[in-house]
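Hello,

Here is the structure we spoke about. Some notes on it follow below.

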Amino acid sequence: MIASAALVALSALAAEQSVEEFFAEFVAKREHIQYLTAKFRQDNITPDETRASIGEIVFVKPKQLRIDYTDPKIVYAVDGLRVFNYEADLEQVQVYDVEDSPQLDAFFVGFDNDPKRLREAYDVTLAGAPAGSCGQRVLKLVPKKPATEDEALSQPYKEIRLFLRNDDLLPCKIEAISDEETSFVMEIGGYTINAAGADPSIRFHVPEGTKIIVNETDISRVGAGGKDLPEATSTVTIPANK
């Protein structure tokens, strides 16, 4: 009995060390990434249908991310603790200020190299990628048991899987599972990293007349010439030789 318990403890320690070693590699391999773009295809899977969409991802360090869907045109952008959701068909932008949290950090783990708080909110495991899939390793994130009902509502997925390329540990596929019948799968490729001469920005343009709703109460209309959002972001300089 005692020997068996010791073996279980040693196995758990080995797994923990494996994850720790992985995150050390994760930080080192992504350290040079200041700015990237990539193309994606996403399948939203529900019991009734599978709906496909395509678009582009833009990431700027630190903590800036934009996801552009092409048809219909929808933009999701995160600038620190402010989230933007632009839907061209509705001619409106919803803007939300959110709390700093490990759940928000999980939003960036696909592209950033700072996973420090991730394990506060998620149980993290590492596995080899199945034969025939992209990438060589799979990082699995399972939310820890929420302490409150609000925490439970803030986490729509019961598991997130990132299939990672070996050279820079960027994802070639992300699976986010809500339940047995509902999930989304995003396949990512065509990465451009630290493009020389680029103007790294997550800003997007909205036309005149677009309604902007901030935190569900402050409503305004965009004037002549349109507007770029976010209005002010931190900047990153890409050296010419990168």
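Both F22 and F26 are buried, where buried means under 20% relative accessible area, exposed over 50% and partly exposed in between, with a 1.4 Å probe and protein chains only. This is a predicted model, in which local features need pLDDT of at least 70 and side-chain atom pairs pLDDT 80 or more, while totals for chains, interfaces and linings use all residues. Residues are numbered from 1 along each chain as its sequence is written, and side-chain values use heavy atoms, leaving out hydrogens and water.

F22 and F26 lie four residues apart in helix α1 (residues 2-30); helices (H or I, at least four residues) and strands (E, at least two) are DSSP runs numbered from the N terminus. Together with F23 they form one aromatic cluster. Rings of Phe, Tyr and Trp (its six-membered ring) pair if their centres lie within 6.5 Å; planes under 30 degrees apart count as stacked, over 60 as edge-to-face and the rest as tilted. The structure holds nine such pairs. In one of them, the F22 and F26 ring centres are 5.8 Å apart with the planes at 50 degrees, so this pair is tilted.

Y157 and F184 make an edge-to-face pair, with 75 degrees between the planes. Y157 is partly exposed at 25% relative accessible area, whereas F184 is buried at 16%.

There is one disulfide, defined as a pair of cysteine sulfur atoms within 2.5 Å. It joins C134 and C172, with the sulfur atoms 2.1 Å apart. C134 is partly exposed at 29%, and C172 is buried at 10%.

Regards
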